[in-house]
Amino acid sequence: MNVQLIPKLLVSDADAAITYYTQALHARVNLRVAEDNGVVNHAELALDSVTFALAQSVQAWGWNDPGSMGGSPVLIMLTVSDPDSTADRMVKHGAELVIPVEERPYGKRQGRVRDPFGHLWVIGGELRGQQSR
């Protein structure tokens, strides 16, 4: 059996989110499915070999985005080779810096951003002196 886990982020504006993630994270759009009325109910994006999905929030379906719930109860952990530039790029494209990217006592370089759709991302990588050359 092949197990796959794909988180699906519910957002207030799916097309704006697709644009944001492609610009801020250099994600690739693999699939975009919309209803006849234009509501995107499923889109798949890739970051290297990792896939995540997103969809327009639809209150009638119980699909609530973080803004409609008072915030996100989930932290999305993204490990990259350069967490500083990734967090900076996310902020440049509209995210809010919640915790600066810094060296942490547990051996990682991490920080946290809230994307424009309310999702919280922990952006991390190796300590600066330990990064691959």
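These notebook entries record what I looked up in one predicted model.

**Ground rules**

I number residues from 1 along each chain as its sequence is written, and I use heavy atoms for side-chain values, with hydrogens and water left out. Since the model is predicted, local features need pLDDT of at least 70 and side-chain atom pairs count only at pLDDT 80 or more, while totals for chains, interfaces and linings use all residues.

**Entry 1: the sheet with S1 to S4**

I began with the open sheet in the order S1-S4-S3-S2, whose pairing is mixed. Strands here are DSSP runs of E with at least two residues, helices are runs of H or I with at least four, and both are numbered from the N terminus. Two strands pair if DSSP finds at least two bridges between them. On average, neighbouring strands are turned by 20° against each other, direction ignored. For angles, axes are lines fitted to C-alpha atoms, for helices over the stretch in contact; the angles run from 0 to 180 degrees between N-to-C directions.

I then checked S1 against S4. They run parallel and are joined by 4 bridges. Leu-9 has Leu-54 in S4 as its bridge partner. H1 packs on this sheet and touches S1, S2, S3 and S4; its direction makes about 155° with that of S4. Contact means heavy atoms within 4.5 Å.

**Entry 2: the sheet with S5 to S8**

The other sheet I looked up is open too, with 4 strands in the order S5-S8-S7-S6 and mixed pairing. Its edge strands are strand S5 (75-79) and strand S6 (96-103). The twist averages 15° from one strand to the next.

S5 pairs with strand S8 (residues 120-126) in the parallel sense over 5 bridges. There Leu-78 has Ile-123 as its bridge partner. S6 and S7 run antiparallel, joined by 5 bridges. Glu-103 stands opposite Arg-109 in S7. These two strands form a hairpin with 4 residues between them, and Gly-107 in the turn has a positive phi of about 90°.

**Entry 3: helix H3**

Next I followed helix H3 (residues 83-92). The helix lies across S6, strand S7 (108-114) and S8, running at about 155° to S8. Which residues of H3 are buried? I noted Pro-83, Asp-84, Thr-86, Ala-87 and Met-90. Buried means under 20% relative accessible area, exposed over 50%, partly exposed in between (1.4 Å probe, protein chains only). The buried residues of H3 pack against H1, S6, S7 and S8. Gly-94 follows H3 and has a positive phi, near 120°.

I looked at Thr-86 by itself. Its relative accessibility is 6%, so Thr-86 counts as buried. Apart from neighbours within four places in sequence, Thr-86 is in contact with Leu-25, Val-80 and Ile-123.

Gln-23 sits in helix H1. Gln-23 is partly exposed because its relative accessible area is 40%. Leaving aside neighbours within four places in sequence, Gln-23 is in contact with Arg-89 and His-93.

**Entry 4: two loop residues with positive phi**

I checked His-26 in the loop between helix H1 (14-24) and strand S2 (28-34). Its phi is near 60°, positive in a residue other than glycine. His-26 counts as exposed because its relative accessibility is 54%.

Asp-48 lies in the loop between strand S3 (40-47) and strand S4 (50-56). Its phi is also positive, about 55°, although Asp-48 is not a glycine. At 72% relative accessibility, Asp-48 counts as exposed.

**Entry 5: the largest pocket**

Last, I looked up the largest pocket, which has a volume of about 260 Å³. A pocket is an open set of points on a 1 Å grid over the protein atoms alone, where a 1.4 Å probe fits, with protein on both sides within 12 Å along at least five of seven lines; lining residues have an atom within 4 Å of a point. Grid points are joined across faces, edges and corners, and the volume is the space filled by probe spheres set on the points.

Which residues line the largest pocket? Among them are Leu-25, His-26, Asp-48, Leu-78, Thr-86 and Arg-89. S3, S5 and H3 are the elements that give two or more residues to the lining. The lining divides into 6 nonpolar, 4 polar and 2 charged residues. Ala, Val, Leu, Ile, Met, Phe, Trp, Tyr, Cys and Pro count as nonpolar, Asp, Glu, Lys and Arg as charged, and the others, Gly among them, as polar.
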